[in-house]
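Open the model in your viewer and keep the selection tool ready. Each stop below says what to pick and what is there.

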Amino acid sequence: MKIQLPKNSPMLSPQFTYGVATASFQIEGSATNRLPNIWDTFCQKPGAIADKSDGLTACDHVNLWEKDLELISSLHVDAYRLSISWGRVINQDGSLNKQGVNFYIKLLDRLKQLNIKAFVTLYHWDLPQHIEDNGGWLNRETAYLFSDYADKISQAFGNRVSSYATLNEPFCSAYLGYEVGVHAPGIANAKAGRTAAHHLLLAHGLALKVLQKNSPFSRNGIVLNFTPCYSSSEDAADLAATKYADDYMNQWYIKPIMDGAYPDLLESLPADVRPDIHDGDLDIISQPLDFLGVNYYTRLIYKANEQDIFEEVPNDAALHTDMGWEIYPRGLTELLTSLNSLYQLPPIYITENGAAEADTLVDGEVRDVNRIDYYQDHLKAVGLAIEQGVDIQGYFAWSLMDNFEWAEGYLKRFGIVYVDYETQERTIKSSGLAYRDLISNR
């Protein structure tokens with residue numbers, strides 16, 4: 001069971017970066033040593049989490065980090081993408097929490113010893129609850145609090161970080177968290193969704209300025225997720241509805257960053273739904289990026305809907321992951337090439353790509369053949385985009401290990417490493433071994 005690329009693939013060059021990725025709330029645990037955040041609160045909401053679980057212990061990474069870094073090293077990856085828990089490093093009064101900062105500094109120093117580049121994400125959804133209590137991402141002031149956090153933590157980390165991403169997937173924070181309410185903080189309001197999105201993008205721009213000043217030798221950018229929109233037919237109404245869906249779900253987050261403007265649909269939104277955009281905001285948001293992180297999992301299909309403009313069409317494709325998401329590697333190639341034609345892109349990293357599968361541990365092994373196929377096909381899709389002129393410089397498997405999968409709790413397993421949540425024992429799956437072999441045989 002191997003992952004193989006063509007012998008002449010630039011993805012087999014030592015310069016191409018391979019990594020694994022995690023996020024703080026999903027793995028860290030040790031909740032008593034940080035401030036409560038919006039996901040702690042959301043987990044207590046009846047019906048919010050599929051298995052009624054929480055992130056108080058998760059994978060106990062704060063206590064097991066040294067073993068986890070040895071595990072990462074054994075996979076021969078070039079880089080580790082991790083996120084910082086805002087509430088672990090900043091106290092409620094805005095001062096640095098020395099215990100939390102020291103945890104990450106020890107971790108970053110060990111990565112350096114292991115010759116593994118640190119790709120640090122400053123915000124992966126775990127907003128401190130006291131900030132949410134003051135309006136969260138609906139409050140413009142939160143963007144400035146985030147900039148202050150970015151300033152303090154990037155100074156504290158010094159030269160230990162190879163790459164900073166300001167935000168991970170602002171679509172999920174804004175749309176899932178504030179517009180449809182299936183993620184924390186669980187607000188379902190169109191105006192709230194658009195407002196949160198604007199303030200997140202403002203936070204990104206403000207923080208990027210700070211990062212470029214404090215950490216000029218790291219690559220600084222943002223990570224956006226894309227779910228490409230495909231029309232259910234060639235009918236003009238369906239095509240127009242699909243374009244609208246793409247602008248609403250995908251381009252809304254990248255166009256202000258790359259072009260300093262929202263998609264035209266902003267003008268068609270009802271006045272009471274539009275975000276409050278101040279003079280100069282779009283100049284701040286459109287700071288030049290050193291890189292763009294792209295997260296991809298699947299595509300969606302749309303048709304026209306007279307009342308709601310667009311409507312998602314149920315997808316009965318044969319191949320799905322355990323999340324019910326269609327496996328569509330071609331969509332990754334088409335996404336990357338379409339972005340490359342729409343925008344003047346900086347270098348790109350695929351910062352998340354992976355599959356949930358119904359993994360079982362049998363005789364000390366997890367033979368996740370479907371996940372190996374998924375990685376094989378999606379890595380080939382990245383290679384095809386490179387052939388078509390897209391500057392892609394790295395790929396990160398999501399995820400290093402099984403973890404707290406947000407509203408799904410611990411029911412879905414994305415890891416290339418299996419976690420027994422009772423014993424916290426880690427077992428590298430067949431996909432992890434195949435990924436290791438691909439990387440080490442370059």
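Select Ser-430. Beyond neighbours within four places in sequence, Ser-430 is in contact (heavy atoms within 4.5 Å) with Met-1, Val-366, Arg-367, Asp-368 and Ile-372. Ser-430 belongs to helix 14, residues 430-440. Helices here are DSSP runs of H or I, at least four residues, and strands are E runs of at least two, numbered from the N terminus. Ser-430 has 12% relative accessibility, so it counts as buried (under 20% relative accessible area, with a 1.4 Å probe and protein chains only; exposed is over 50%, partly exposed in between).

A note on the model: it is predicted, local features need pLDDT of at least 70, side-chain atom pairs need 80 or more, and totals for chains, interfaces and linings use all residues. Residues are numbered from 1 along each chain as its sequence is written, and side-chain values use heavy atoms, without hydrogens and water.

Next, show the strands. A closed barrel of 8 strands runs 1-2-3-4-5-7-10-11, with parallel pairing (pairing takes at least two DSSP bridges between two strands). Zoom in on strand 4 (residues 163-168) and strand 5 (residues 219-226): they pair in the parallel sense over 4 bridges. Pick Ala-165; its bridge partner in strand 5 is Gly-221.

Now select the cysteines. How many disulfides does the whole structure hold? The search finds 0 (a disulfide is a pair of cysteine sulfur atoms within 2.5 Å). For Cys-172, the nearest cysteine sulfur is that of Cys-229, 14 Å away. Cys-172 is buried at 8% relative accessibility. Cys-229 is buried too, at 16%.
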